[in-house]
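User: I'm new to this structure and would like to learn how to read it. Could you take me through it feature by feature?

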Amino acid sequence: MTTATSYGAAHAALLKEGKKIQIGSHDGLRSRKSVGLSRRHVNLFSVSLPRPNPLIRAVSSPVKPETETKRSKVEIIKEHSNFIRYPLNEELLTDAPNINESATQIIKFHGSYQQYDRDERGARSYSFMLRTKNPCGKVPNKLYLTMDDLADQFGIGTLRLTTRQTFQLHGVLKKNLKTVMSSIIHSMGSTLGACGDLNRNVLAPAAPFARKDYQFAQQTADDIAALLTPQSGFYYDMWVDGEKIMSAEPPEVVKARNDNSHGTNFPDSPEPIYGTQFLPRKFKIAVTVPTDNSVDLLTNDVGVVVVTDADGEPQGFNLYVGGGMGRTHRVETTFPRLAESLGYVPKEDILYAVKAIVVTQRENGRRDDRKYSRMKYLISSWGIEKFRSVVEEYYGKKFEPSRELPEWEFKSYLGWHEQGDGGLFCGLHVDSGRVGGKMKTTLREIIEKYNLDVRLTPNQNIILCGIRKAWKRPITTALAQAGLLEPKYVDPLNLTAMACPALPMCPLAITEAERGMPGILKRIRAVFEKVGLKYNESVVIRATGCPNGCARPYMAELGFVGDGPNSYQLWLGGTPNQTSLARTFMNKVKIHDLEKVLEPLFYNWKRKRQSKESFGDFTNRVGFETLQEWVEKWDGIVATRSTYNLRLFTDKDTYEKMDELAKFQNKTAHQLAMEVISNYAAAQQNGKGE
C-alpha cells in the first residue's frame, strides 16, 4: 500500500493567496511543428506544471495548421478540470442531490454516470450508476461479496453484469458515493476509467482454462489495462483521500509507459500518455486467442489476438483496429464499423504497439464533434494504409504481415467445464445480466460458502471458478433451485440474447431494452412454433434502447435498436460467430407489429434455407429486397394438406447427394426429395389414367 500525492492542501493554500495558477493544456491536435504543451492562464484548482522540453515532439501526420482548432464543450471541461478533479471536488460537497453539467462529465472518468428515474413524474430523483473495471472479467471473492452488499445497502438491490465484463451498480445516492467508492477500492476493485474519454475495461476470454494461450491472453489484457490506467492520482484523491491502493505493476508495463523514444509521451506531466485532454472519446480493447470470439473482437477500437507456435507457445499478436458500434439515427455519416487488420507484432512489443495506436488516436481523433470522435472515423477517413504508417512512427517499427488464423467461433462457456488444473468451472446464464432476488441470494451463498472467485463474460453471464469436483452436485442443486439452470434447460433464444439497461435509468434510452427483452423473446419463440421451426433452433437477438449500441445489436442476426416510443429499427445480417456487420432492414417498427415482420422472415428461412444455414447468412444471401417483398405481401401462413412424417433417407450417401442437388435450388434435401416423390407419383397416376 502506497500513498499518492494529494493535491487538496496545495489547492487550498494557493486559493487562499488569491494566485492565478497555470495549468498545462493540450488540444490533442498538435502538428509536427508544435512543441510540448500549450499554456493558458485560468483561475482554477490547479497546480503549476513544469514547462516541457521543447525539443521533445510527438510525431503526427498530416501537418496541421497552427491555428486554434474548434473543440467541443467536453474538451474545454476536461482542460479546466485539473486532471479530472474540478468541479467534481466542489460539487460533491454541496447538499444538492445532483451535480452540475461539468461535474457530470468529469465523474464519468471516475466510473460513474448521473441518472434519474424516468418512470417517475414530477421532480427528478437523482442517483448515480457506478461501473467497475475488471480486466478479463476477473472478480476476486472479496470484491464480489462487497458488490453484493453494496447493491443492498446503497443500490436498488440488484447487480448488473455488463457486455464488457464489469458490474454496474444502480441507484447510489450522491451522499453515499464516497462510501461506496472507497468500499470497492478497499476490496481489490476499482471504477477508475470504466467510463469517460480513455481506455475502458479490457476484454479477454473469461474461461479460467489452465492453457498457455488463454493465460497469456488474460495476462496481456491485465498489462494493457495497467499501461493505460490514469497516473495523476485524481481517483484516489477524490474517494480515499489520496491513499493509492494498488498492487505492484510488472516492470515491463512501467517501462513501456515511461518510454518516450518515439515522442509518444507528455514529458513531466502527471499523465504521460493522456495529457490534460485524455482521448477524444472512449477507447475499447479486447484480447483473445484464435477461434475464441467470446469477446466480439471486431467491435473494438483495438483487437489483439495471441499467435502461438506449433507447441502452443505464444509468439506474438495479430492486431485489428477501427471497430465500434455507436451511431446516430438517420445520420448516415455515423455508422457501426468492424475492425480491420493492422498487422503482426512479436510478443515483447505488444505494449509499445498498443500505446502507439492510442497516441495516434489521441493526436488525430476529432475533438470538435463527439459524434465523430471515435477512432473508427479516423481510420475510415484516412484509410488503413495511412493509419498504419502513422502508428508505425510512434511504434518505431514496421508491422509484419498478419498471421493466418482459423475461423472464429462464439463461445459462451455455459455449463460445467474442466479447467485443466484439476478444478471445474461453471458458466451460468443470466437474462440480460440482471442479478437479483433468489438468484442473487443463492449466488452469494455459494460464492461465500465455497470461497469462489468469479469471472464475468462479455455476454452478460457469470462463471464460478475453482470448484472442486466433490462440490459439483450440491452446487448444481442449489443453483437449480434458484432458477440458474444448466444451458440445456434454458430456451436457446435466451442463451445468446443481450440487452442494455435502457429505461428507466439511462438518460439516452428512447425505448425499452432489458425490460422489453423477455416479452420479445417469448413472442419470437411463439413465431418459431407457428412457422414450424424446432425448439433447438435459434438466432442471435440483441436489443438496445438507443443507437449507441451498448449491447452490440449491429452484430446480431436480429437486432432491435430503439428509435421511438415503443418502436425499433430492425437490423439483420449478423452471424452467429460475430464476424459480419448487420444492416438496417426496417425503421420504426412498432412493438405490437413485430409478428407482421418476423413471421414471413422466419417462415421463409424455415423453407428456403440451405443445409445448416444460419438466419443471418440466409438474410444476406437472399437479399433485403426479397425480404422486404415477403414482408409486404405477407398474408399469413397458408394452410397445407396434412403431411406424414416419412423417413426419406436410409443411408448417408443418398442424403448427401440429394443435399448437394438441393443447394442449387435453395432447398433442403427433404424438400427436394418430397418434390421428386410427389412428381413421380403424379406422373404414374397420369400414366395410369391414360
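Analyst: The protein chain averages a pLDDT of 89, and 85% of the residues score at least 70. Over residues 1-67, though, the pLDDT is below 50; beyond near neighbours in sequence, that stretch has 143 contacts in the model, a contact being heavy atoms within 4.5 Å. Where pLDDT is low, the predicted coordinates should not be read in detail.

User: What ground rules sit behind the numbers?

Analyst: Residues are numbered from 1 along each chain as its sequence is written, and side-chain values use heavy atoms, with hydrogens and water left out. As this is a predicted model, local features need pLDDT of at least 70 and side-chain atom pairs count only at pLDDT 80 or more, while totals for chains, interfaces and linings use all residues.

User: How many helices and strands does the protein chain have?

Analyst: Helices (H or I, at least four residues) and strands (E, at least two) are DSSP runs, numbered from the N terminus. Here the protein chain has 21 helices and 23 strands.

User: Which residues have the most contacts inside the largest nonpolar core?

Analyst: A nonpolar core is a set of buried Ala, Val, Leu, Ile, Met, Phe, Trp, Tyr and Cys residues joined through side-chain atoms within 4.5 Å. The largest one has 112 residues, and Y144, L319, I357, F387 and L443 have the most contacts inside it. Helix 10 (residues 350-364) gives the largest share, 8 residues. A second, separate core of 41 residues includes V539, L558, F602 and F615.

User: And what order do the strands take in the open sheet?

Analyst: Two strands pair if DSSP finds at least two bridges between them. In this sheet, 5 strands run in the order 6-17-18-15-14, with antiparallel pairing. Strand 6 (138-139) and strand 14 (415-418) are the edges, each pairing on one side only. Strand 15 (residues 424-428) pairs with strand 18 (residues 462-467) over 4 bridges, and L424 stands opposite I467.

User: Last one: how should I read an aromatic pair?

Analyst: A pair of aromatic rings is described by the distance of the centres and the angle of the planes. Rings of Phe, Tyr and Trp (its six-membered ring) pair if their centres lie within 6.5 Å; planes under 30 degrees apart count as stacked, over 60 as edge-to-face and the rest as tilted. The whole structure has 26 aromatic pairs. One of them, F209 with Y413, is edge-to-face at 5.7 Å centre to centre and 75 degrees between the planes. F209 lies in the loop between helix 6 (177-185) and helix 7 (212-227) and Y413 in the loop between helix 12 (384-395) and strand 14, so the pair ties together parts that are 204 residues apart in sequence.

Note on methods:
pLDDT = per-residue confidence, 0-100. Buried < 20%, exposed > 50% of the residue type's maximum accessible area, 1.4 Å probe, protein only.
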